[in-house]
Amino acid sequence: MFTRLNKTLFKQNIRKYFSSTDYDVCVIGGGPAGYIAAIKAGQKGLKTVCVEKRGSLGGTCLNVGCIPSKALLNISHKVHEARHNFSDMGIDLGKVTYDFNKIMDKKSRVVTSLTKGIEALFKKNKVDYVIGHGKFRDDKTLSIEGENRIIKAKNYIIATGSEPNNLPGGILPIDENRIISSTGALSLKEVPKRLIVVGGGVIGLELGSVYARLGSHVDVVEYADRVLPAFDKEVSDQFLKVMKKTHLNFYLSHKVIGGKQEGDNVKLITENLKVY
């Protein structure tokens, strides 16, 4: 049995080993929902901490979603205009080329400037920022995996966001090498000669048009009978016309039923649903 003195020393050593901090609010996830909630809580005078495992704030949107996609869209649009539209206005630039590494560097600088801006807002509003993967020990206690740190909070906001999903049935699981998610498409080392995009939604069409403008042969496979199936049909129809002008090829009403890698290439097997 511990003596009273031994119990005291034991508690002191545990506190030294596990750094514990009490908060009014702990936000798990530093994306658009999480960081805004943390800033608002800080502005209300609540002692607040935000736990984010990525290592940079902003979530999918700022890091591997909307912002980098829009940066690449903007740059690729300028390349496309310079190659195809400037001559109609009497502007002759000769052969238009680009440096893909510099394009990706520019994209990264845009992302970094915005994520650092959120960190500055955290400091301004006295919100603590912890980098790591949080795991609940009980309903009031969070441990940070891989670190000797414990967070205790009266209230928790869970804003963990989402991650890319594989095709159903284990077809061509994502390896971020040849079978890539939207995240991988934002970090390619070179422009692929040929790219197949599975899904004719917003994300697929954004990234497909980026690489089509930069010279890739892009095929889009969509299960529905039109692109942007969640939007109004008139919007879908008009957008399809715009995308075809960007030289994207579309296979609508096609279901992916299989596929395999053959060396450096990927073979996709589809089923045409129009025949049924």
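I number residues from 1 along each chain as its sequence is written, and I use heavy atoms for side-chain values, with hydrogens and water left out. As the model is predicted, local features need pLDDT of at least 70 and side-chain atom pairs count only at pLDDT 80 or more, while totals for chains, interfaces and linings use all residues.

**Largest pocket.** I looked up pockets on a 1 Å grid over the protein atoms alone, a pocket being an open set of points where a 1.4 Å probe fits, with protein on both sides within 12 Å along at least five of seven lines, and lining residues having an atom within 4 Å of a point. The largest pocket holds about 1,700 Å³, where a volume is the space filled by probe spheres set on grid points joined across faces, edges and corners. I find 48 residues in its lining, with Arg178, Ile180, Leu195, Ile196 and Val197 nearest the centre. Strand E7 (194-198) is among the elements that supply at least two residues, and E7 gives the most, five; strands (E, at least two residues) and helices (H or I, at least four) are DSSP runs numbered from the N terminus. By class I note 25 nonpolar, 13 polar and ten charged lining residues, with Ala, Val, Leu, Ile, Met, Phe, Trp, Tyr, Cys and Pro taken as nonpolar, Asp, Glu, Lys and Arg as charged, and the others, Gly among them, as polar.

**Second largest pocket.** Its volume is about 820 Å³, and of its 36 lining residues Arg54, Thr60, Thr160, Gly161 and Ser162 are the closest to its centre. Helix H3 (59-64) is one of the contributing elements, and H3 provides the largest share, four residues. I record 14 nonpolar, 16 polar and six charged residues here.

**Tyr211.** I place Tyr211 in helix H7, and it counts as buried because its relative accessibility is 1%. Beyond four places in sequence, Tyr211 touches residues including Phe100, Leu188, Leu195 and Val218. Tyr211 and Asn166 are 45 residues apart in sequence and 22 Å apart in space, C-alpha to C-alpha.

Technical notes: Buried < 20%, exposed > 50% of the residue type's maximum accessible area, 1.4 Å probe, protein only. Contact = heavy atoms within 4.5 Å.
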